[in-house]
Structures are given as C-alpha cells and as structure tokens.
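Me: I would like to learn how to read a few features of a model, taking each idea in general before its case. Could we go through them slowly?

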Amino acid sequence: MEFNFNIVLSNLPTLMDGLKITLLSFTIALAIAFPLGLILCGMRLRKTGFAARLAQGYVAVFRAIPEMVMIFWMFYCLPPLIGFKLSGLTSGSLALGLVSGAYLCEIFRGAVQSVAKGQWEVSDALALPRRAIWLRVITPQAAKLAIPPFINHMTELLKGTTLLATIGVAELALRSYVLGAQTFRYFEFLTAIALIYFVVIFPVARFAEHIERKLAKATS
Amino acid sequence: MEIFGEMDFSAIWKYREPLLWGLLTTLWMAFAAFFMAVPGGLLLAFGRLKGGWIVNIPIMAFVDLMRFTPLLVQAVWIHFALPIFTGASMTATQSGLLALTLHVSAYICDIIRSGITAVPHGQWEAAKALGLKPYISFFKVILPQVWPLVLPALANVAVSTFKLTAILGILAVDDLMKVANRINNMVFRPIEVYTSVALIYLACGLILTVLAAWFERRYGSDRLDRIAVERPAPAVIVHNELYGR
C-alpha cells in the first residue's frame with residue numbers, strides 16, 4: 001500500500017474549480033436565507049395572527065424535512081411545476097436557502113427574545129418611538145447575541161452544499177469522488193477534500209466560539 | 001396548470017412495500033446511530049474532561065474532524081478510503097451506520113461536555129466530602145443532573161440524526177431516499193415519487209419533533225428548575241431558545 005499525494009496536487013486546479021462552485025452555491029443560499037430569515041423572524045415575533053402562524057408552519061415544515069429530500073424535490077419537481085428549467089446549482093442552492101431561512105429565523109428570534117425585558121420597559125418609559133426601539137435599542141443587542149449561532153449555522157450550510165453532489169453539481173465533493181473513481185486513488189482524493197473542508201470550516205467555527213466566550217464573559 | 005391533471009400516484013401505491021422497507025431502514029438506522037452515539041459521546045466527553053493531555057488531544061482532533069467535515073465526505077471516505085487502509089471491506093449499511101454514529105457522537109460529546117461543566121463544582125466537592133468514590137459521584141450525583149440540562153440539545157440532535165440518514169443513500173444503503181431514486185428510475189414520475197417521499201419524511205420529522213418536545217416537557221425543564229444552576233450566559237439562552245424550551 002502506498003500513497004501518492006502528487007496526484008492530488010496535479011489535479012488541484014480541478015478541485016479548486018469545485019471549491020469555487022461550492023462557495024458560489026453557499027453564497028446563493030445565504031443570499032436567499034438571510035432576508036428570508038429576517039422576514040420570517042419579523043412575522044413570528046408577532047405573537048398572534050395569520051402571519052405568525054404562517055411563519056411558524058414554514059419553520060416547522062422546513063426543519064422537519066431533510067435537506068437532501070428538499071434538494072431532490074426542488075431539482076425534479078419544481079421545474080415542471082413552474083414551467084421553466086433550473087440548473088442543478090440553482091435549484092440545489094434554492095433548496096438549501098429555503099431550509100436555512102427557517103433555521104436563521106429561529107436564530108434571530110432567539111436572539112431578539114434573549115434581549116433583557118428591561119430594555120423594552122426602559123424604552124417605553126422613555127417614550128421612544130417604536131422604530132427607534134427596534135433599530136437603536138433591540139437590534140444592536142440582538143445582533144451581538146445572534147453572531148455565534150449564526151456563524152455556526154454558516155458552517156452547517158457550507159457542509160450542506162456537499163449534498164448538491166447528489167444532483168450532479170460539479171462541486172468539490174463530486175469532483176474529488178469522480179477523480180478518485182477515475183484513478184482508483186480514493187484515499188488520496190477523499191482525504192484531500194476532507195482536509196479542504198476542515199481548513200475552510202475550522203477557523204470560522206473557532207472564531208464563533210471565541211466570540212461566544214467573549215460575550216459570556218462580558219455579561220456575567 | 002394541466003400538470004396536475006397528469007399526475008398519477010398509482011405507481012407510488014404499487015411500490016408501497018419497498019417504500020415501507022426503505023422507511024424502516026431509515027428509522028432503524030437513525031435509532032441505532034443515535035443510541036450508539038450517546039454512550040460514545042459520553043465516553044468522549046468524560047475523556048475530554050478527566051483524561052490528561054494524552055487522551056485529550058486525540059479526542060479533540062477527532063471531535064473537530066467530525067464536526068467540521070461534511071457527513072457525505074465522511075461516509076464516502078469510510079466506505080471507499082478506509083478499506084484501503086484496513087484491508088477489510090464493509091457493506092454500505094455498515095459504513096453508513098459507522099459514519100453516522102461517529103458524526104453524531106462528536107456532536108453529543110460537545111453537548112454532554114458543556115452539560116457536565118454546567119453542573120456546579122460544589123456538587124463534586126459535596127460528593128467528595130460525603131466520601132463517595134469518584135465513579136459513583138460521577139454516575140450517581142453528576143450525571144443525573146446533566147441529563148435534564150442537555151435534553152433539549154440531545155432531542156435536537158436526535159431529529160437531525162433522522163434527517164442525516166437521507167445522506168447515506170449515496171452509499172447504496174436502501175433507505176427511503178435511495179428507494180425513491182430507484183422507483184423513479186423505473187417509473188420516471190419524479191413529481192409523484194419525490195413529493196410523496198418528502199411528505200413521508202415530513203410526517204416522520206414532525207412526529208419526532210413533537211415527541212422530542214414532549215420528552216423535554218416531561219423530563220427536562222421542570223426538573224431543571226429544581227437544580228441550582230448558575231445564571232446561564234446569553235449564548236446559552238440563545239441556544240435554549242433555538243433548540244426548544
């Protein structure tokens with residue numbers, strides 16, 4: 001048994017193209033998920049009414065269905081229903097974005113509700129207008145609280161982009177799998193991409209933990 | 001929309017038996033992986049807290065590696081690359097289950113570890129003052145206080161274990177997702193097949209979520225109130241908000 005990692009190096013440009021597609025689908029999904037999460041959060045924070053129920057239902061449904069199933073559904077079922085073709089990258093990223101929107105909604109909501117109640121009472125006592133309470137009092141504090149879980153979810157989303165391999169999007173995981181199959185050098189290629197994912201995600205996740213610790217220290 | 005008129009769900013009904021088997025495979029794999037991962041994660045957490053650096057560093061490396069690489073990559077690695085290493089080839093189900101268990105146990109390790117550290121240190125000291133042996137104080141004093149603390153997070157991991165099983169279909173594990181792909185390849189009715197499968201997953205996922213919430217109410221929060229825990233950090237509050245409570 002011998003390992004030859006030179007074969008990975010000579011195919012590095014192909015893998016890097018794959019990484020680009022991975023990051024592209026991550027960006028598309030985030031661009032969908034972030035505003036969606038904010039809107040859903042706004043709807044859910046109203047305690048009653050149709051909008052709150054709708055958002056609640058959306059979050060429950062999209063958190064219960066596996067991302068994989070969502071991706072397949074968007075890839076096979078959405079194009080005939082809407083009547084025009086979608087590439088694997090588009091429909092896959094759309095699925096990931098819609099699922100992430102539900103998670104981000106919960107993250108934002110949790111952060112807003114963790115802002116101390118006294119902040120609302122003080123703002124009311126000072127007769128601040130509603131807009132100012134939201135924009136200048138609650139949101140800055142909530143945003144700080146939301147950063148660690150938000151970053152953690154971003155790492156989950158990046159890991160989720162590997163699922164696009166199953167609908168034939170030539171992202172990092174699929175490319176290395178195909179290269180491994182062509183050269184029978186599974187070990188080298190699969191180890192290489194595991195390392196690439198690790199190198200991308202590890203610093204980000206550690207950064208999130210760092211902020212989390214700092215926040216915990218600042219408030220205790 | 002004439003597309004709705006053309007839909008034909010009879011193919012799904014025809015293949016109800018394989019679909020049922022696929023669902024059972026999905027459920028037992030999720031169940032097995034989760035209940036192997038809980039003791040696994042407990043062991044890792046214990047080693048992480050009580051072991052010296054010789055135990056600590058490999059565990060840290062393992063947990064980080066499992067948490068920061070995608071399950072899909074891990075599953076493919078274990079199925080295709082590990083046999084080159086060990087010489088023993090595994091069936092798709094074995095490697096799928098192994099990958100899922102290892103992945104989930106890393107998450108559970110982190111959860112239990114934070115649970116153990118959240119129990120006030122005075123509990124250890126009190127147990128010691130009462131002359132309890134270390135392993136008895138861990139299992140009889142500390143651990144019973146850890147479970148209610150970590151229950152919301154564990155319930156969440158249980159639901160996501162169920163969701164992650166859908167990934168194992170790529171290794172030719174005949175779970176619900178793979179069965180759906182096979183049926184679609186035969187009848188070529190993607191809309192009907194994938195919509196039905198999504199609905200089955202949705203039903204199972206919702207049932208699991210409700211079960212998890214019930215479990216939390218029954219064994220989690222009301223016991224939590226009786227335990228003297230320090231005021232949780234905001235991050236913990238956010239975490240609790242996010243994962244139920």
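Me: Where in chain B is Ala172(B) found?

Reply: Helices here are DSSP runs of H or I with at least four residues, and strands are runs of E with at least two, numbered from the N terminus. Ala172(B) lies in the loop between helix 7 (134-164) and helix 8 (176-187) of chain B, and its phi is near 65 degrees, a positive value in a residue other than glycine. This is a predicted model, in which local features need pLDDT of at least 70, side-chain atom pairs count only at pLDDT 80 or more, and totals for chains, interfaces and linings use all residues. Residues are numbered from 1 along each chain as its sequence is written, while chains are lettered from A and ligands numbered from 1 in the order in which they are written.

Me: Is Ala127(A) buried or exposed?

Reply: A residue is buried if 20 or more other C-beta atoms, placed from the backbone, lie within 10 Å of its own, exposed if 12 or fewer, and partly exposed in between. Ala127(A) counts as exposed because it has 6 C-beta neighbours inside 10 Å, whereas Ala172(B), with 14 other C-beta atoms within 10 Å, is partly exposed.

Me: Which residues are buried in helix 3 of chain A?

Reply: In that helix, Ala55(A), Val59(A), Phe62(A) and Ala64(A) are buried.

Me: How many residues does the contact take from chain A and from chain B?

Reply: Two residues are in contact if their C-beta atoms, placed from the backbone, lie within 7 Å. The contact takes 48 residues from chain A and 38 residues from chain B. On the side of chain B that touches chain A, helix 9 of chain B gives the most, with 11 residues.
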